[in-house]
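Subject: Handing over a structure

Dear colleague,

I am passing this structure on to you, and my notes on it follow below. Please read them with the sequence and the model side by side.

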Amino acid sequence: MASASFVRGVDIIHENGPRYEEILSAGALAFIADLHRAFEPERRRLIDYRVARQKKWNAGALPDFLEETAEIRASDWKVGSIPADLQDRRVEITGPTDRKMVINALNCGANVFMTDFEDANAPSWSNMIEGQLNLYDFAHGKLEFTDPRSGKHYAIGENPAVLLVRPRGWHLLEEHMLVDGEPVAGGIFDFGLYFYHNAKAQMARGSGPYFYLPKLESHLEARLWDSVFVAAQKALGIDKGSIKATVLIETLPAAFEMDEILFEMRDHIVGLNCGRWDYIFSAIKTLRNNPDYVMPNRAQIVMGEAFLGAYARLLVQTCHNRGAYAMGGMAAQIPVKNDEAANDAAFAKVRADKEREANVGHDGTWVAHPGLVPVAAEVFNRLMPGPNQLDQMPDGEISQMDLLEIHEGTITEEGLRENIRVGVQYIEAWLGGRGAVPLYNLMEDAATAEISRAQIWQWIRHGAKTDDGKIVTSDWANKLLEEEMADLRNIIGAETYDKGNFADAIQIFTDVSLGEDFSTFLTLPAYDLIK
(Lines give C-alpha, C1' and ligand atoms only; values in the text may rest on other atoms or scores of the structure.)
Protein backbone atom coordinates (compact mmCIF):
# COMPACT_ATOMS: atom_id res chain seq x y z
CA MET A 1 0.00 0.00 0.00
CA ALA A 2 1.34 3.40 -1.00
CA SER A 3 -0.07 6.32 0.94
CA ALA A 4 -0.86 9.78 -0.36
CA SER A 5 -1.32 11.13 3.15
CA PHE A 6 0.53 14.29 2.15
CA VAL A 7 -2.87 15.30 0.73
CA ARG A 8 -5.57 15.61 3.39
CA GLY A 9 -7.89 12.60 3.42
CA VAL A 10 -6.33 10.91 0.36
CA ASP A 11 -4.90 7.41 0.19
CA ILE A 12 -3.56 5.50 -2.81
CA ILE A 13 -4.12 1.76 -2.34
CA HIS A 14 -1.48 0.39 -4.66
CA GLU A 15 2.24 0.31 -5.16
CA ASN A 16 3.34 2.85 -7.73
CA GLY A 17 5.53 2.35 -10.77
CA PRO A 18 8.06 4.48 -12.67
CA ARG A 19 7.01 8.12 -13.07
CA TYR A 20 3.67 7.56 -11.34
CA GLU A 21 4.46 10.41 -8.97
CA GLU A 22 4.37 12.81 -11.94
CA ILE A 23 0.70 12.02 -12.45
CA LEU A 24 -0.23 11.39 -8.81
CA SER A 25 1.13 14.72 -7.66
CA ALA A 26 -0.15 16.49 -4.57
CA GLY A 27 -1.86 19.12 -6.67
CA ALA A 28 -3.62 16.60 -8.90
CA LEU A 29 -4.80 14.47 -5.99
CA ALA A 30 -6.09 17.49 -4.10
CA PHE A 31 -7.91 18.62 -7.25
CA ILE A 32 -9.63 15.24 -7.59
CA ALA A 33 -10.43 15.15 -3.87
CA ASP A 34 -12.15 18.52 -4.12
CA LEU A 35 -14.24 17.34 -7.07
CA HIS A 36 -15.11 14.13 -5.22
CA ARG A 37 -16.27 15.96 -2.10
CA ALA A 38 -18.34 18.39 -4.14
CA PHE A 39 -20.06 15.94 -6.49
CA GLU A 40 -20.06 12.44 -5.00
CA PRO A 41 -23.41 12.90 -3.21
CA GLU A 42 -25.13 13.84 -6.48
CA ARG A 43 -23.45 10.99 -8.36
CA ARG A 44 -24.82 8.53 -5.81
CA ARG A 45 -28.27 10.08 -6.01
CA LEU A 46 -28.27 9.66 -9.79
CA ILE A 47 -27.19 6.02 -9.54
CA ASP A 48 -30.17 5.51 -7.21
CA TYR A 49 -32.35 7.29 -9.78
CA ARG A 50 -31.22 4.77 -12.41
CA VAL A 51 -32.33 1.94 -10.14
CA ALA A 52 -35.71 3.56 -9.46
CA ARG A 53 -36.45 4.07 -13.15
CA GLN A 54 -35.41 0.52 -13.99
CA LYS A 55 -37.90 -0.79 -11.43
CA LYS A 56 -40.68 0.95 -13.37
CA TRP A 57 -39.53 -0.54 -16.67
CA ASN A 58 -39.22 -3.96 -15.07
CA ALA A 59 -42.86 -3.61 -14.04
CA GLY A 60 -43.97 -2.94 -17.63
CA ALA A 61 -43.59 0.81 -18.18
CA LEU A 62 -41.79 1.92 -21.35
CA PRO A 63 -39.22 4.70 -21.77
CA ASP A 64 -40.69 7.84 -23.31
CA PHE A 65 -39.99 11.51 -23.91
CA LEU A 66 -40.28 13.52 -20.69
CA GLU A 67 -43.35 15.69 -20.16
CA GLU A 68 -41.53 17.96 -17.71
CA THR A 69 -38.92 18.98 -20.31
CA ALA A 70 -41.23 19.47 -23.29
CA GLU A 71 -40.49 23.21 -23.31
CA ILE A 72 -36.78 22.55 -23.84
CA ARG A 73 -37.57 20.38 -26.88
CA ALA A 74 -39.96 23.01 -28.27
CA SER A 75 -37.76 26.07 -27.65
CA ASP A 76 -35.33 27.65 -30.11
CA TRP A 77 -31.76 27.50 -28.82
CA LYS A 78 -28.29 26.39 -29.96
CA VAL A 79 -25.18 24.95 -28.36
CA GLY A 80 -22.16 27.19 -27.86
CA SER A 81 -19.23 27.82 -30.17
CA ILE A 82 -17.25 24.91 -31.59
CA PRO A 83 -13.43 25.14 -31.81
CA ALA A 84 -11.82 25.15 -35.25
CA ASP A 85 -10.07 21.82 -34.74
CA LEU A 86 -13.40 20.09 -34.02
CA GLN A 87 -15.28 21.37 -37.06
CA ASP A 88 -14.21 18.55 -39.39
CA ARG A 89 -14.46 15.17 -37.68
CA ARG A 90 -15.17 12.99 -40.68
CA VAL A 91 -13.09 10.04 -39.47
CA GLU A 92 -12.44 9.27 -35.83
CA ILE A 93 -10.43 6.31 -34.57
CA THR A 94 -10.79 4.87 -31.10
CA GLY A 95 -8.56 2.70 -28.95
CA PRO A 96 -6.95 2.17 -25.56
CA THR A 97 -4.24 4.28 -23.96
CA ASP A 98 -1.32 1.90 -24.62
CA ARG A 99 1.72 4.00 -25.57
CA LYS A 100 2.42 2.51 -29.01
CA MET A 101 -1.28 2.41 -29.87
CA VAL A 102 -1.70 6.07 -28.91
CA ILE A 103 1.16 7.09 -31.21
CA ASN A 104 -0.10 4.97 -34.10
CA ALA A 105 -3.66 6.24 -33.72
CA LEU A 106 -2.54 9.88 -33.62
CA ASN A 107 -0.48 9.31 -36.76
CA CYS A 108 -2.94 7.17 -38.75
CA GLY A 109 -4.58 9.95 -40.78
CA ALA A 110 -7.84 10.14 -38.83
CA ASN A 111 -9.17 13.58 -37.96
CA VAL A 112 -9.77 12.65 -34.32
CA PHE A 113 -8.43 10.02 -31.93
CA MET A 114 -10.64 9.12 -28.99
CA THR A 115 -8.35 7.50 -26.48
CA ASP A 116 -10.26 5.35 -24.08
CA PHE A 117 -10.13 4.81 -20.33
CA GLU A 118 -13.49 3.03 -20.56
CA ASP A 119 -14.80 0.14 -22.70
CA ALA A 120 -11.63 -0.46 -24.75
CA ASN A 121 -9.49 -0.42 -21.63
CA ALA A 122 -9.13 -2.88 -18.76
CA PRO A 123 -8.94 -0.68 -15.64
CA SER A 124 -5.89 -2.11 -13.90
CA TRP A 125 -3.94 0.49 -11.95
CA SER A 126 -1.01 0.27 -14.34
CA ASN A 127 -3.26 0.74 -17.39
CA MET A 128 -4.92 3.80 -15.88
CA ILE A 129 -1.79 5.61 -14.68
CA GLU A 130 0.48 4.69 -17.58
CA GLY A 131 -2.29 5.78 -19.93
CA GLN A 132 -2.34 9.16 -18.19
CA LEU A 133 1.44 9.37 -18.54
CA ASN A 134 1.15 8.72 -22.27
CA LEU A 135 -1.39 11.51 -22.70
CA TYR A 136 0.69 13.83 -20.53
CA ASP A 137 3.72 13.21 -22.73
CA PHE A 138 1.69 13.90 -25.86
CA ALA A 139 0.25 17.16 -24.53
CA HIS A 140 3.73 18.29 -23.50
CA GLY A 141 5.43 17.33 -26.77
CA LYS A 142 7.49 14.37 -25.61
CA LEU A 143 5.54 11.25 -26.58
CA GLU A 144 7.76 8.61 -28.21
CA PHE A 145 8.37 4.90 -27.85
CA THR A 146 11.00 2.34 -28.81
CA ASP A 147 9.74 -1.21 -28.98
CA PRO A 148 12.14 -3.29 -26.84
CA ARG A 149 11.53 -6.41 -28.96
CA SER A 150 11.87 -4.99 -32.47
CA GLY A 151 13.89 -1.87 -31.74
CA LYS A 152 11.46 0.15 -33.86
CA HIS A 153 11.06 3.78 -32.82
CA TYR A 154 7.67 5.52 -32.75
CA ALA A 155 7.15 9.29 -32.58
CA ILE A 156 4.36 11.77 -33.26
CA GLY A 157 4.16 12.99 -36.86
CA GLU A 158 3.63 16.51 -38.16
CA ASN A 159 -0.19 16.45 -38.30
CA PRO A 160 -1.56 14.26 -35.51
CA ALA A 161 -5.24 13.67 -34.96
CA VAL A 162 -7.13 15.86 -32.51
CA LEU A 163 -7.18 14.13 -29.13
CA LEU A 164 -10.40 13.41 -27.24
CA VAL A 165 -10.38 11.46 -23.99
CA ARG A 166 -13.11 9.12 -22.76
CA PRO A 167 -13.25 8.78 -18.97
CA ARG A 168 -15.21 6.02 -17.26
CA GLY A 169 -18.98 6.21 -16.79
CA TRP A 170 -20.71 7.36 -13.61
CA HIS A 171 -21.34 3.78 -12.40
CA LEU A 172 -17.65 2.82 -12.12
CA LEU A 173 -15.33 3.49 -9.20
CA GLU A 174 -11.57 3.87 -8.92
CA GLU A 175 -10.98 1.86 -5.78
CA HIS A 176 -7.25 2.52 -5.71
CA MET A 177 -7.84 6.14 -4.67
CA LEU A 178 -9.72 6.81 -1.45
CA VAL A 179 -10.90 10.20 -0.32
CA ASP A 180 -11.98 10.33 3.33
CA GLY A 181 -12.08 6.53 3.21
CA GLU A 182 -14.33 6.31 0.11
CA PRO A 183 -13.33 5.35 -3.46
CA VAL A 184 -13.62 8.12 -6.01
CA ALA A 185 -15.74 7.86 -9.14
CA GLY A 186 -13.75 6.47 -12.05
CA GLY A 187 -14.96 9.27 -14.30
CA ILE A 188 -13.85 11.97 -11.85
CA PHE A 189 -10.47 10.28 -11.49
CA ASP A 190 -9.86 9.93 -15.25
CA PHE A 191 -11.16 13.37 -16.12
CA GLY A 192 -9.45 15.05 -13.19
CA LEU A 193 -5.96 13.71 -13.85
CA TYR A 194 -6.08 14.49 -17.55
CA PHE A 195 -7.60 17.95 -17.14
CA TYR A 196 -5.34 19.02 -14.28
CA HIS A 197 -2.14 18.08 -16.06
CA ASN A 198 -2.94 18.85 -19.69
CA ALA A 199 -5.72 21.40 -20.18
CA LYS A 200 -3.46 24.43 -20.39
CA ALA A 201 -0.85 22.61 -22.46
CA GLN A 202 -3.48 21.51 -24.97
CA MET A 203 -4.85 25.06 -25.20
CA ALA A 204 -1.32 26.39 -25.77
CA ARG A 205 -1.00 23.96 -28.70
CA GLY A 206 -4.10 25.46 -30.31
CA SER A 207 -6.40 22.66 -29.20
CA GLY A 208 -8.12 22.14 -25.88
CA PRO A 209 -9.34 19.75 -23.18
CA TYR A 210 -11.79 17.65 -25.19
CA PHE A 211 -13.76 14.65 -23.93
CA TYR A 212 -16.15 11.89 -24.93
CA LEU A 213 -18.66 11.11 -22.16
CA PRO A 214 -20.07 7.56 -21.94
CA LYS A 215 -23.07 5.71 -20.49
CA LEU A 216 -25.26 8.70 -19.59
CA GLU A 217 -28.82 7.61 -18.84
CA SER A 218 -30.46 10.99 -18.30
CA HIS A 219 -30.03 14.72 -18.77
CA LEU A 220 -29.50 14.94 -15.01
CA GLU A 221 -26.26 13.01 -15.46
CA ALA A 222 -25.27 15.48 -18.19
CA ARG A 223 -26.02 18.30 -15.75
CA LEU A 224 -23.65 16.69 -13.27
CA TRP A 225 -20.85 16.52 -15.84
CA ASP A 226 -21.46 20.16 -16.72
CA SER A 227 -21.20 21.12 -13.06
CA VAL A 228 -17.91 19.22 -12.80
CA PHE A 229 -16.62 21.07 -15.86
CA VAL A 230 -17.55 24.47 -14.43
CA ALA A 231 -15.87 23.71 -11.10
CA ALA A 232 -12.74 22.31 -12.76
CA GLN A 233 -12.29 25.31 -15.03
CA LYS A 234 -12.77 27.71 -12.12
CA ALA A 235 -10.26 25.83 -9.97
CA LEU A 236 -7.54 26.12 -12.65
CA GLY A 237 -8.43 29.65 -13.76
CA ILE A 238 -9.56 28.54 -17.21
CA ASP A 239 -12.42 30.27 -19.00
CA LYS A 240 -15.83 28.63 -18.76
CA GLY A 241 -16.60 26.82 -22.01
CA SER A 242 -12.99 25.86 -22.72
CA ILE A 243 -13.82 22.21 -22.12
CA LYS A 244 -15.65 20.66 -25.06
CA ALA A 245 -17.41 17.32 -24.90
CA THR A 246 -19.20 14.89 -27.16
CA VAL A 247 -21.76 12.69 -25.43
CA LEU A 248 -22.26 9.09 -26.51
CA ILE A 249 -25.94 8.28 -26.81
CA GLU A 250 -25.44 4.65 -25.94
CA THR A 251 -28.32 3.98 -23.56
CA LEU A 252 -31.96 3.64 -24.48
CA PRO A 253 -33.16 6.11 -21.81
CA ALA A 254 -30.75 8.78 -23.08
CA ALA A 255 -32.22 8.53 -26.60
CA PHE A 256 -35.41 10.08 -25.23
CA GLU A 257 -33.45 12.97 -23.68
CA MET A 258 -31.05 14.07 -26.41
CA ASP A 259 -32.35 17.64 -26.58
CA GLU A 260 -32.17 17.90 -22.82
CA ILE A 261 -28.60 16.56 -22.71
CA LEU A 262 -27.49 19.13 -25.26
CA PHE A 263 -29.31 21.87 -23.34
CA GLU A 264 -27.76 20.98 -19.98
CA MET A 265 -24.25 21.05 -21.48
CA ARG A 266 -24.81 23.77 -24.10
CA ASP A 267 -21.72 25.77 -23.06
CA HIS A 268 -19.48 22.70 -23.26
CA ILE A 269 -20.99 20.28 -25.75
CA VAL A 270 -20.21 19.99 -29.45
CA GLY A 271 -22.05 16.85 -30.48
CA LEU A 272 -23.61 13.46 -29.84
CA ASN A 273 -22.45 10.05 -31.01
CA CYS A 274 -24.32 6.87 -31.96
CA GLY A 275 -22.69 4.41 -29.57
CA ARG A 276 -24.46 1.53 -31.24
CA TRP A 277 -23.08 -1.52 -29.43
CA ASP A 278 -23.75 -0.24 -25.94
CA TYR A 279 -27.09 1.02 -27.21
CA ILE A 280 -28.11 -2.51 -28.21
CA PHE A 281 -27.00 -3.77 -24.79
CA SER A 282 -28.93 -0.99 -23.07
CA ALA A 283 -32.09 -1.77 -25.03
CA ILE A 284 -31.90 -5.40 -23.90
CA LYS A 285 -31.12 -4.38 -20.32
CA THR A 286 -33.82 -1.73 -20.06
CA LEU A 287 -36.58 -3.93 -21.51
CA ARG A 288 -35.27 -7.24 -20.21
CA ASN A 289 -38.40 -8.22 -18.30
CA ASN A 290 -40.78 -7.44 -21.15
CA PRO A 291 -41.55 -10.49 -23.33
CA ASP A 292 -42.47 -8.23 -26.25
CA TYR A 293 -38.86 -7.07 -26.57
CA VAL A 294 -36.86 -10.27 -26.96
CA MET A 295 -34.02 -9.59 -29.41
CA PRO A 296 -32.84 -11.85 -32.26
CA ASN A 297 -29.20 -12.83 -32.79
CA ARG A 298 -26.80 -9.93 -32.38
CA ALA A 299 -25.73 -10.16 -36.05
CA GLN A 300 -29.31 -9.47 -37.15
CA ILE A 301 -29.62 -6.25 -35.12
CA VAL A 302 -28.26 -3.92 -37.79
CA MET A 303 -28.09 -0.15 -38.15
CA GLY A 304 -30.56 1.50 -40.49
CA GLU A 305 -33.50 -0.66 -39.44
CA ALA A 306 -36.12 -0.69 -36.65
CA PHE A 307 -35.12 1.00 -33.37
CA LEU A 308 -31.50 1.52 -34.43
CA GLY A 309 -32.47 3.31 -37.63
CA ALA A 310 -34.92 5.55 -35.77
CA TYR A 311 -32.34 6.37 -33.12
CA ALA A 312 -29.74 7.36 -35.72
CA ARG A 313 -32.19 9.61 -37.57
CA LEU A 314 -33.34 11.27 -34.35
CA LEU A 315 -29.76 11.89 -33.27
CA VAL A 316 -28.98 13.66 -36.55
CA GLN A 317 -32.20 15.69 -36.38
CA THR A 318 -31.59 16.72 -32.78
CA CYS A 319 -27.95 17.65 -33.21
CA HIS A 320 -28.39 19.62 -36.43
CA ASN A 321 -31.38 21.47 -35.03
CA ARG A 322 -29.15 22.67 -32.17
CA GLY A 323 -25.97 23.37 -34.15
CA ALA A 324 -24.14 20.29 -32.84
CA TYR A 325 -22.40 17.50 -34.71
CA ALA A 326 -23.97 14.08 -35.15
CA MET A 327 -21.26 11.45 -35.09
CA GLY A 328 -21.74 7.99 -36.54
CA GLY A 329 -20.83 4.80 -34.72
CA MET A 330 -18.31 2.03 -34.83
CA ALA A 331 -17.97 -0.53 -37.57
CA ALA A 332 -16.35 -3.40 -35.70
CA GLN A 333 -14.73 -5.06 -38.74
CA ILE A 334 -10.94 -5.13 -38.89
CA PRO A 335 -8.58 -6.04 -41.76
CA VAL A 336 -8.27 -9.80 -42.29
CA LYS A 337 -4.72 -11.00 -42.88
CA ASN A 338 -3.93 -13.77 -45.36
CA ASP A 339 -7.50 -14.04 -46.65
CA GLU A 340 -8.17 -11.63 -49.50
CA ALA A 341 -11.81 -12.62 -49.94
CA ALA A 342 -12.61 -12.21 -46.24
CA ASN A 343 -10.75 -8.91 -46.17
CA ASP A 344 -12.67 -7.62 -49.18
CA ALA A 345 -15.94 -8.65 -47.53
CA ALA A 346 -15.00 -6.83 -44.33
CA PHE A 347 -14.07 -3.66 -46.20
CA ALA A 348 -17.33 -3.82 -48.17
CA LYS A 349 -19.33 -3.99 -44.93
CA VAL A 350 -17.47 -0.98 -43.54
CA ARG A 351 -17.96 0.96 -46.77
CA ALA A 352 -21.71 0.25 -46.84
CA ASP A 353 -22.05 1.21 -43.17
CA LYS A 354 -20.26 4.52 -43.68
CA GLU A 355 -22.28 5.31 -46.81
CA ARG A 356 -25.45 4.78 -44.79
CA GLU A 357 -24.19 7.14 -42.09
CA ALA A 358 -23.14 9.85 -44.53
CA ASN A 359 -26.45 9.63 -46.39
CA VAL A 360 -28.45 9.90 -43.15
CA GLY A 361 -26.58 13.12 -42.38
CA HIS A 362 -23.87 12.19 -39.89
CA ASP A 363 -20.92 14.57 -39.70
CA GLY A 364 -18.33 11.84 -39.26
CA THR A 365 -17.82 8.28 -38.15
CA TRP A 366 -15.74 5.86 -36.07
CA VAL A 367 -13.33 3.09 -37.02
CA ALA A 368 -11.51 0.64 -34.76
CA HIS A 369 -8.39 0.01 -36.84
CA PRO A 370 -5.95 2.30 -38.72
CA GLY A 371 -6.36 0.13 -41.83
CA LEU A 372 -9.98 1.26 -42.12
CA VAL A 373 -9.30 5.00 -41.96
CA PRO A 374 -8.86 5.28 -45.77
CA VAL A 375 -12.09 3.34 -46.35
CA ALA A 376 -14.14 5.64 -44.12
CA ALA A 377 -12.35 8.75 -45.41
CA GLU A 378 -13.11 7.88 -49.04
CA VAL A 379 -16.82 7.57 -48.28
CA PHE A 380 -17.10 10.81 -46.35
CA ASN A 381 -14.87 12.72 -48.77
CA ARG A 382 -17.15 11.58 -51.59
CA LEU A 383 -20.49 12.12 -49.88
CA MET A 384 -19.62 15.02 -47.55
CA PRO A 385 -17.42 17.49 -49.45
CA GLY A 386 -17.73 20.14 -46.73
CA PRO A 387 -16.39 19.86 -43.18
CA ASN A 388 -19.77 18.73 -41.83
CA GLN A 389 -23.44 18.34 -42.74
CA LEU A 390 -25.15 20.67 -40.30
CA ASP A 391 -27.47 21.74 -43.11
CA GLN A 392 -28.83 18.19 -43.56
CA MET A 393 -31.99 17.15 -41.74
CA PRO A 394 -33.54 13.66 -42.04
CA ASP A 395 -37.27 13.77 -42.77
CA GLY A 396 -40.02 12.52 -40.51
CA GLU A 397 -40.92 12.77 -36.86
CA ILE A 398 -39.50 10.00 -34.65
CA SER A 399 -42.01 8.68 -32.12
CA GLN A 400 -41.69 6.70 -28.91
CA MET A 401 -42.70 3.52 -30.68
CA ASP A 402 -40.20 4.13 -33.49
CA LEU A 403 -37.46 4.12 -30.86
CA LEU A 404 -38.84 0.88 -29.42
CA GLU A 405 -39.40 -1.08 -32.65
CA ILE A 406 -37.57 -4.39 -32.30
CA HIS A 407 -35.68 -5.89 -35.23
CA GLU A 408 -37.22 -8.88 -36.91
CA GLY A 409 -35.02 -11.95 -36.94
CA THR A 410 -34.29 -15.34 -35.48
CA ILE A 411 -32.51 -16.90 -32.54
CA THR A 412 -30.23 -19.76 -33.49
CA GLU A 413 -28.04 -22.26 -31.73
CA GLU A 414 -25.05 -20.77 -33.53
CA GLY A 415 -26.04 -17.34 -32.25
CA LEU A 416 -26.10 -18.72 -28.71
CA ARG A 417 -22.73 -20.38 -29.22
CA GLU A 418 -21.24 -17.19 -30.65
CA ASN A 419 -22.40 -15.19 -27.64
CA ILE A 420 -20.70 -17.73 -25.38
CA ARG A 421 -17.44 -17.69 -27.35
CA VAL A 422 -17.24 -13.91 -27.59
CA GLY A 423 -18.34 -13.25 -24.03
CA VAL A 424 -15.95 -15.64 -22.30
CA GLN A 425 -12.94 -14.82 -24.46
CA TYR A 426 -13.45 -11.10 -24.04
CA ILE A 427 -13.72 -11.35 -20.26
CA GLU A 428 -10.62 -13.57 -20.17
CA ALA A 429 -8.64 -10.95 -22.10
CA TRP A 430 -10.05 -8.11 -19.97
CA LEU A 431 -8.92 -9.85 -16.79
CA GLY A 432 -5.47 -10.04 -18.37
CA GLY A 433 -5.38 -6.29 -18.93
CA ARG A 434 -6.60 -6.02 -22.55
CA GLY A 435 -9.79 -4.07 -23.22
CA ALA A 436 -9.87 -4.09 -27.04
CA VAL A 437 -9.72 -7.66 -28.33
CA PRO A 438 -9.79 -8.94 -31.94
CA LEU A 439 -12.10 -11.96 -32.12
CA TYR A 440 -13.36 -13.63 -35.29
CA ASN A 441 -12.33 -10.67 -37.48
CA LEU A 442 -14.12 -8.12 -35.30
CA MET A 443 -12.70 -5.71 -32.73
CA GLU A 444 -14.61 -6.43 -29.54
CA ASP A 445 -14.81 -4.33 -26.41
CA ALA A 446 -16.84 -4.49 -23.22
CA ALA A 447 -20.04 -3.48 -25.02
CA THR A 448 -20.16 -6.55 -27.25
CA ALA A 449 -19.45 -8.84 -24.29
CA GLU A 450 -22.36 -7.14 -22.53
CA ILE A 451 -24.65 -7.84 -25.50
CA SER A 452 -23.54 -11.47 -25.53
CA ARG A 453 -24.35 -12.19 -21.90
CA ALA A 454 -27.50 -10.00 -21.83
CA GLN A 455 -28.99 -11.85 -24.78
CA ILE A 456 -28.47 -15.22 -23.14
CA TRP A 457 -30.06 -13.97 -19.90
CA GLN A 458 -33.05 -12.56 -21.80
CA TRP A 459 -33.54 -15.67 -23.93
CA ILE A 460 -33.49 -17.92 -20.87
CA ARG A 461 -35.82 -15.71 -18.86
CA HIS A 462 -38.47 -15.69 -21.58
CA GLY A 463 -38.02 -19.26 -22.75
CA ALA A 464 -37.10 -18.07 -26.23
CA LYS A 465 -37.10 -20.63 -29.03
CA THR A 466 -34.44 -21.07 -31.67
CA ASP A 467 -35.35 -21.26 -35.33
CA ASP A 468 -35.47 -25.06 -35.07
CA GLY A 469 -37.87 -24.97 -32.12
CA LYS A 470 -35.49 -25.59 -29.22
CA ILE A 471 -36.14 -23.64 -26.00
CA VAL A 472 -33.15 -21.78 -24.57
CA THR A 473 -32.62 -22.96 -20.99
CA SER A 474 -29.87 -22.61 -18.39
CA ASP A 475 -29.05 -26.30 -18.68
CA TRP A 476 -28.65 -26.11 -22.44
CA ALA A 477 -26.59 -22.92 -22.25
CA ASN A 478 -24.34 -24.57 -19.67
CA LYS A 479 -23.92 -27.60 -21.92
CA LEU A 480 -22.97 -25.40 -24.88
CA LEU A 481 -20.59 -23.44 -22.66
CA GLU A 482 -18.76 -26.64 -21.74
CA GLU A 483 -18.58 -27.71 -25.40
CA GLU A 484 -17.32 -24.33 -26.62
CA MET A 485 -14.64 -24.13 -23.93
CA ALA A 486 -13.47 -27.66 -24.69
CA ASP A 487 -13.20 -26.75 -28.38
CA LEU A 488 -11.37 -23.53 -27.55
CA ARG A 489 -8.90 -25.37 -25.33
CA ASN A 490 -8.10 -27.70 -28.23
CA ILE A 491 -7.70 -24.79 -30.66
CA ILE A 492 -5.39 -22.61 -28.58
CA GLY A 493 -3.65 -25.46 -26.78
CA ALA A 494 -4.08 -26.84 -23.29
CA GLU A 495 -1.05 -25.01 -21.87
CA THR A 496 -2.15 -21.60 -23.12
CA TYR A 497 -5.72 -22.20 -21.99
CA ASP A 498 -4.76 -23.41 -18.54
CA LYS A 499 -2.37 -20.52 -17.94
CA GLY A 500 -5.02 -17.99 -18.91
CA ASN A 501 -7.87 -16.47 -16.95
CA PHE A 502 -10.50 -18.81 -18.32
CA ALA A 503 -11.66 -20.25 -15.00
CA ASP A 504 -12.46 -16.79 -13.65
CA ALA A 505 -13.90 -15.64 -16.99
CA ILE A 506 -16.24 -18.63 -17.18
CA GLN A 507 -17.42 -18.03 -13.63
CA ILE A 508 -18.12 -14.34 -14.29
CA PHE A 509 -19.84 -15.10 -17.59
CA THR A 510 -21.97 -17.78 -15.95
CA ASP A 511 -22.97 -15.46 -13.10
CA VAL A 512 -24.01 -12.59 -15.37
CA SER A 513 -25.72 -14.63 -18.10
CA LEU A 514 -27.31 -17.49 -16.16
CA GLY A 515 -27.90 -15.86 -12.76
CA GLU A 516 -31.42 -15.14 -11.54
CA ASP A 517 -30.79 -11.41 -11.13
CA PHE A 518 -29.53 -9.23 -13.97
CA SER A 519 -26.17 -7.60 -13.21
CA THR A 520 -26.22 -4.01 -14.49
CA PHE A 521 -22.63 -4.22 -15.84
CA LEU A 522 -20.37 -7.25 -16.03
CA THR A 523 -17.36 -5.00 -15.37
CA LEU A 524 -18.59 -4.40 -11.80
CA PRO A 525 -18.06 -7.97 -10.51
CA ALA A 526 -15.07 -8.44 -12.82
CA TYR A 527 -13.30 -5.36 -11.42
CA ASP A 528 -12.61 -7.15 -8.15
CA LEU A 529 -10.40 -9.62 -10.05
CA ILE A 530 -8.40 -7.06 -12.01
CA LYS A 531 -7.46 -4.56 -9.30
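A crossing of two helices is called left-handed if the near helix is turned anticlockwise from the far one by less than a right angle, and right-handed if clockwise. The model is a predicted one, in which local features need pLDDT of at least 70 and side-chain atom pairs count only at pLDDT 80 or more, while totals for chains, interfaces and linings use all residues. Residues are numbered from 1 along each chain as its sequence is written, and side-chain values use heavy atoms, with hydrogens and water left out. Helices (H or I, at least four residues) and strands (E, at least two) are DSSP runs, numbered from the N terminus.

Helix packing

Two packed helices are described by the angle between their axes and the distance between the axes. Here axes are lines fitted to C-alpha atoms, for helices over the stretch in contact, and angles run from 0 to 180 degrees between N-to-C directions. For helix α10 (residues 276-286) and helix α11 (residues 306-321), the axes come within 11 Å and cross at roughly 125 degrees. That makes α10 oblique to α11, given that angles under 35 degrees count as roughly parallel, over 145 as roughly antiparallel, 65 to 115 as roughly perpendicular and the rest as oblique. The crossing of α10 past α11 is right-handed. R276, Y279, I280 and A283 of α10 make the contact (heavy atoms within 4.5 Å) with F307, L308 and Y311 of α11. These residues divide into six nonpolar, no polar and one charged, where Ala, Val, Leu, Ile, Met, Phe, Trp, Tyr, Cys and Pro count as nonpolar, Asp, Glu, Lys and Arg as charged, and the others, Gly among them, as polar. Helix α10 is also mostly covered, since eleven of its eleven residues are buried (under 20% relative accessible area, with exposed over 50% and partly exposed in between, for a 1.4 Å probe and protein chains only).

The axes of helix α15 (residues 446-461) and helix α18 (residues 502-514) come within 7 Å and cross at roughly 45 degrees, which makes α15 oblique to α18. The contact is made by R453, I456, W457 and I460 of α15 together with F509, V512, S513 and L514 of α18, and its residues divide into six nonpolar, one polar and one charged.

Strands

An open sheet of three strands has the order β1-β7-β8, with antiparallel pairing; two strands pair if DSSP finds at least two bridges between them. β1 (10-12) and β8 (182-185) stand at the edges with a single partner strand each, so one side of each is left without a neighbour in the sheet. From one strand to the next, the twist averages 50 degrees. Three bridges join β1 to strand β7 (residues 173-179), and I12 has M177 of β7 as its bridge partner. Helix α6 (residues 186-204) lies across β7 and β8, and runs at about 65 degrees to β8.

Elsewhere in my notes is strand β2 (residues 91-96), which is largely enclosed by the rest of the structure, because six of its six residues are buried. β2 pairs in the parallel sense with strand β13 (residues 364-367) over three bridges, and with strand β3 (residues 112-116) over five bridges. I93 has V367 of β13 as its bridge partner, whereas P96 stands opposite D116 in β3.

A single residue

R417 lies in helix α14 (residues 413-431) and is buried, with a relative accessible area of 14%. Leaving aside neighbours within four places in sequence, R417 is in contact with L480, E483 and E484.

With best wishes
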